[in-house]
Amino acid sequence: MRTAIVVGAGIGGVTAAVALEQCGWQVTMLERAAELGEVGAGISVWPGAAAVLEELGVEGVAKAARLGEAAGMRRWDGRWIVEAAELGIELPVMLHRAQLHQLIRDRLGSAVTIHTGTTVTGVTQDSDGVTVTATSVAPASAGSGGAGPAGAASGSVGAGGAEYRAELVVAADGIRSGIRGLLASEYKGPRYSGYTAYRGIAEVEVEDSGGETWGRGQRFGFAKLIDGRIYWYATANREPGGADDDVKELFANWHEPIPALLAATRAVLRNDIYDLPTPLLPFVHGRVLLLGDAAHAMTPNMGRGACSAIEDAGALARVLRAGKDLSAYDAERRPATTKLVKRSHQIGVIGQLDSKLACTVRDAVLAMGGKTAGLLAKRRKVEQSPV
Ligand SMILES: Cc1cc2nc3c(=O)[nH]c(=O)nc-3n(C[C@H](O)[C@H](O)[C@H](O)COP(=O)(O)OP(=O)(O)OC[C@H]3O[C@@H](n4cnc5c(N)ncnc54)[C@H](O)[C@@H]3O)c2cc1C
């Protein structure tokens with residue numbers, strides 16, 4: 001059986017493990033965290049990623065998700081910039097992150113062995129395979145196969161840690177990928193966007209179906225989850241690593257239901273927002289390939305980062321099934337994700353404008369664009385409707 005090591009068990013890593021297993025590979029997953037899981041926030045899953053999950057046999061996504069609704073865009077005081085309109089464009093479904101991660105993990109079979117509490121520290125490759133070195137804390141074996149370091153990929157434990165060997169390594173170790181750093185130390189790595197994001201889940205009932213509100217240097221968005229709770233996210237221009245803000249105070253005078261949502265939130269997640277500069281590094285380096293945020297971390301403005309990681313895994317499966325060279329994975333995924341990284345970055349720059357004049361012009365241009373898009377959608381509908 002062919003062997004692979006997946007480094008990192010985020011959404012990208014677990015999807016890659018499912019994909020590899022379904023292509024007949026034996027997989028060892030190495031995860032630094034002591035336990036598998038995801039943070040308490042929502043996530044938008046776009047149709048392309050949902051289709052990959054379906055192809056991989058991940059069940060229950062539609063049941064756990066709420067269909068996104070056409071949502072408008074408002075100013076901080078509640079005046080519409082673009083009213084919610086049916087634009088006839090694809091919409092994502094909304095899920096709780098932990099639930100999505102669990103649904104993907106549920107699809108892992110006995111050919112996948114997971115070692116948690118295991119931090120990868122080195123990767124070397126030769127013509128026969130790749131050797132991964134890692135340090136572990138405690139007994140660190142979980143998941144399907146449940147084998148020790150000598151599980152799926154061949155491995156051994158020495159005083160300095162464990163060594164694993166396989167034919168292929170998938171580096172799904174996130175935006176600060178240590179493996180990417182080992183492969184290309186000259187690549188600059190994450191760049192700060194200039195703003196911080198806050199996320200939470202509000203336990204309150206509201207009539208409002210959601211959407212985004214843009215102010216000066218601050219944004220707020222929310223959407224309903226299937227169980228009625230509300231996932232919200234917000235941004236503010238900040239220096240990286242600054243002190244925690246009181247988000248309630250930041251948005252205190254914004255339109256309802258924003259203050260009500262914040263009042264009904266128990267825990268707030270804070271992330272300084274980074275992405276990877278373009279041109280992105282190649283995604284394939286011999287027997288080591290980059291996947292997910294390790295390859296193409298993007299700002300969250302389009303809600304596509306995790307979806308792109310899922311689509312990477314889908315592309316990898318197609319390449320392996322077709323017996324193509326791994327370079328086909330790079331050829332498909334790098335151009336597609338480069339576009340998203342760039343577009344997401346631009347949206348962030350426009351969304352975080354903070355001068356009064358720039359925001360007035362921005363909002364007017366968006367309003368005009370929204371009207372035009374609405375008219376075009378109506379015309380398309382008329383043209384497509386049966387006579
Ligand atoms: C505010 C915000 C909102 C977002 N909203 C959305 C959204 O709605 N839709 C969407 O598609 N995307 C969204 N994203 C993006 C999405 O969260 C990421 O793109 C996605 O989680 C990346 O998954 P990943 O598996 O590639 O990396 P990660 O989730 O970062 O996983 C990397 C894993 O590797 C492990 N690891 C790291 N180093 C090592 C090592 N040396 N050894 C072993 N393990 C290691 C880490 O512990 C981690 O578990 C959002 C991001 C943010 C910040």
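The structure holds 16 salt bridges, each one a side-chain nitrogen of Lys or Arg within 4 Å of a carboxyl oxygen of Asp or Glu. This is a predicted model, where local features need pLDDT of at least 70, side-chain atom pairs count only at pLDDT 80 or more, and totals for chains, interfaces and linings use all residues. Residues are numbered from 1 along each chain as its sequence is written, and side-chain values use heavy atoms, with hydrogens and water left out.

Three of these pairs, with N to O distances:

| Pair | Distance |
|---|---|
| R2 and E167 | 2.9 Å |
| R238 and D245 | 2.8 Å |
| R318 and E332 | 2.7 Å |

R2 sits in strand β1 and E167 in the loop between β12 and β13, so their bridge ties together parts 165 residues apart in sequence. R318 in helix α9 and E332 in helix α10 are 14 residues apart. R318 comes out partly exposed at 38% relative accessibility, as does E332 at 36% (partly exposed lies between buried, under 20% relative accessible area, and exposed, over 50%, with a 1.4 Å probe and protein chains only). There's also a salt-bridge network linking R75, R362 and D363.

Now the ligand. It is surrounded by 29 residues, and G12, E31, S44, R97 and D293 are the closest (a heavy atom within 4 Å is the cut-off). By class, that shell has eleven nonpolar, eleven polar and seven charged residues. Backbone N or O atoms come in too: one of G303 lies 3.0 Å from a ligand nitrogen, and one of R32 lies 3.1 Å from a ligand nitrogen.

Terms used: A polar contact is a pair of N or O atoms within 3.5 Å; within protein, one must be able to donate a hydrogen and the other to accept it, and residues adjacent in sequence count only if both atoms are side-chain atoms. Ala, Val, Leu, Ile, Met, Phe, Trp, Tyr, Cys and Pro count as nonpolar, Asp, Glu, Lys and Arg as charged, and the others, Gly among them, as polar. Helices (H or I, at least four residues) and strands (E, at least two) are DSSP runs, numbered from the N terminus.
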